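Colleague: I would like to learn how to read this model feature by feature. Could we go through it together?

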Amino acid sequence: MATQEDVFKKVTSHAKEYGFVFQSSEIYDGLSAVYDYGQTGSALKKNIKDYWWDAMVKMNENIVGIDSSIFMHPKTWKASGHVDAFNDPLIDNKDSKKRYRADVLVEEYIQNKLEAKIDKEVKKAAKRFGESFNETEFKTTNPRVLGYFEKINNVETRLKKVQEEEDMEGFKQLIVDLEIPCPVSGSKNWTDVRQFNLMFSTEIGSLSDGSTKIYLRPETAQGIFVNYLNVQKTGRMKIPFGIAQIGKAFRNEIVARQFVFRMREFEQMEMQFFVRPGEENKWYEYWKETRMRWHKAIGFSEGSHKFHDHLKLAHYAKAAADIEFKFPFGFKELEGVHSRGNFDLTQHEEFSKKKLRYFDPELNESYVPNVVETSIGVDRMFLAVLSTAFTEEKLEDGSERIVLKFPSFLAPYKVAVLPLTKKDGLPDKARAIINTLKYDFECYYEEKDQIGKRYRRQDAIGTPFCITVDHQTLKDNTVTIRERDTMKQERVAIDHLEKLIGDSVNVKHILKKLN
RNA sequence: GCGAAAGUAGCUCAGUGAUAGAGCGUCACCUUGCCAAGGUGAGGGUCGCGGGUUUGAAUCCCGUCUUUCGCUCCA
């Protein structure tokens, strides 16, 4: 494990050194859990997104793409449940270092302390009075019990007040006053109560209902749900059909770590698939398998992926599974496949008071469709590709090289064209070759340093092919082409380059594997 | 957020109170010409930032930011 973490460390420094990922605002000491993609990284990321988009939108006539806004009407997040679910007052115990929801602590106190005491009194009295005991009468007359009830009432009123007013100091004071100990350590050494809202908020000019606070979306899915009927009607989509989207989402994570694995600003690739009620299980299984095929088609080694079925479900889900990937720091979630039922659409019906029904001509009835969601983090996929591609090799002559063995269709540059020397017109010839290839492939030109050094530099950014222009090229229009992983070279005619490289780097060959 | 550790050149790191360093990388020129580390030269750091102690601070102290690890959280 230690060595695996070393690998991860090497991957992150390599990512910086070769322009894949930089920390955001680095010259100002950086911004926690926010990263920028550099020249090579953004190219790799774009290729990943293209592969996903093609596999979804291009390959399926019943899946279409949209691009919805980051800002959405705040009611969206009420309806989706995010305002409630993403908003917790939290408190830490300094001794046990455990974190609790402050409201839960207080509620447990009421339950375990006060209500338990009432129960005790009731039981004692029942024993005393025997047959003639009237519990209701006892509870409404016994002064000690009434005292407890009053206390419960007081605590509940205070709890409600601090929650409504978001009075975090009052919340802390409440916990201090009640002398609530930590369930683990028994200590009363608490931090302040802090409101953790996982959604970022900002202000907008004005809204129809007078509010001005809006959120940066914490998931892209809602942009699809609110547009589902627009797309269905204007695209004349028939169920089952899907809507795909790639876009940024934002979560104010309490702890955001592990490089680009968990960021506060991140990019999702989501597809919501709308199905007839009752058929959701079938499609859930279908998309689980289909998405796994997409991952495996990339060509990572067997055993890199596995399913992890959720036992504890989110507020919207009927069934959920993660596709986990073997990152350098262990198997972690890369993609989620969720059967969301009709939760989102019925919620939006309720909050918007608009019908979000689909009329099914085959059944001759209208209904709210069920939804199967596939949701993958672009940045996690990026990290999966980068960390898997990262290879340190010992060569036969004893030297070492670092090579990024990207699947060639994902590589930032497809081909480097290198004149063997800077003299004798070789650079001009090399540039002429680039001018024929640049319409199809991302090309890299370099003439500095010895050829071997240049090969290594291309290995370090994962360029699958190096074309070397030498003196023979000037005579017979042939070049050598070197393959990144094998380091084998072959002499070929310049005219054949386009097809030779195209056959290897075209995403088409991967997409065909998906069918 | 709590606890621990760390932050010195693009990268990896040395330097524990007294002139800011090395290797690799970068740039220029020369040499070589198909698998990195030949020669010469150059550039690059107010030692994360801000205070404090001291005649003197990269070094000691405090704060702060960032990163890593553990806990915690995770749709």
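Colleague: Let me start with one residue. Does Lys 353 count as buried or exposed, and at what relative accessibility?

Modeller: Keep in mind that this is a predicted model. Exposed means over 50% relative accessible area. Lys 353 has 72% relative accessibility, so Lys 353 counts as exposed.

Colleague: Where does Lys 353 sit?

Modeller: Lys 353 is in the loop between α11 (343-352) and β14 (358-360). Its place is just after α11.

Colleague: What is the phi of Lys 353?

Modeller: General idea first. Most residues other than glycine have a negative phi. Now the case here. Lys 353 has a phi near 60°, a positive value in a residue other than glycine.

Colleague: What is the phi of Asn 364, and where is that residue?

Modeller: Asn 364 also has a positive phi, near 55°. Asn 364 lies in the loop between β14 and β15 (365-367). Asn 364 counts as exposed, because its relative accessibility is 59%.

Colleague: Next, the backbone itself. Is the peptide bond from Ile 239 to Pro 240 cis or trans?

Modeller: Most peptide bonds are trans. The bond from Ile 239 to Pro 240 is cis, with omega near 5°. Pro 240 belongs to the loop between α9 (221-234) and β9 (241-250).

Colleague: Staying with α9, is Gln 232 buried or exposed?

Modeller: Gln 232 is part of helix α9. The cut-off for buried is under 20%. Gln 232 has a relative accessible area of 12%, so this residue is buried.

Colleague: Which residues does Gln 232 touch?

Modeller: Set aside residues up to four places away in sequence, and Gln 232 touches Met 237, Phe 241 and Tyr 358.

Colleague: How do I read a helix face?

Modeller: An α-helix has 3.6 residues a turn, so residues three or four places apart point the same way. Take α11 as the case. Its buried residues include Asp 344, Leu 345, Gln 347, His 348 and Glu 349.

Colleague: Which residues does Ile 376 touch?

Modeller: Leave out residues up to four places away in sequence. The contacts of Ile 376 are Trp 52, Glu 267, Gln 268, Met 269, Arg 291, Trp 294, His 295, Leu 334, Glu 335 and Met 381.

Colleague: How many Å separate the C-alpha atoms of Ile 376 and Tyr 100?

Modeller: The separation is 30 Å, for residues 276 apart along the chain.

Colleague: Now a strand. How many residues of β19 are buried?

Modeller: Strand β19 (residues 415-419) has 5 of its 5 residues buried. Read it by sides. Val 415, Val 417 and Pro 419 are buried on one side. Ala 416 and Leu 418 are buried on the other.

Colleague: Which way do β19 and β20 run relative to each other, parallel or antiparallel?

Modeller: They run parallel, and 3 bridges join β19 to β20 (residues 443-445). Within this pair, Ala 416 has Tyr 444 in β20 as its bridge partner.

Colleague: One more residue. Is Leu 497 buried or exposed?

Modeller: Leu 497 is in helix α16 (residues 497-505). Its relative accessibility is 0%, so Leu 497 counts as buried. Beyond four places in sequence, Leu 497 touches Ile 433, Leu 437, Ile 467, Val 479, Ile 481, Val 492 and Gly 502.

Colleague: Let us step back to the whole chain. How many helices and strands does chain A have?

Modeller: Chain A has 17 helices and 23 strands. Its radius of gyration is 30 Å, well over the 24 Å that the globule rule gives for 515 residues, so chain A is more spread out than a compact globule. The C-alpha atoms fill a box of roughly 115 × 60 × 45 Å along the principal axes.

Colleague: What share of the residues in chain A is buried?

Modeller: Buried residues make up 50% of the 515.

How values were computed. Residues numbered from 1 in each chain as written. Chains lettered and ligands numbered in written order. Predicted model: local features only at pLDDT ≥ 70, side-chain atom pairs only at ≥ 80, totals over all residues. Heavy atoms only, no water. Helix = DSSP H or I, 4+ residues; strand = E, 2+ residues; numbered from the N terminus. Rg over C-alpha atoms; globule rule 2.2 N^0.38 Å. Buried < 20%, exposed > 50% of the residue type's maximum accessible area, 1.4 Å probe, protein only. Pairing = 2+ DSSP bridges. Contact = heavy atoms within 4.5 Å.
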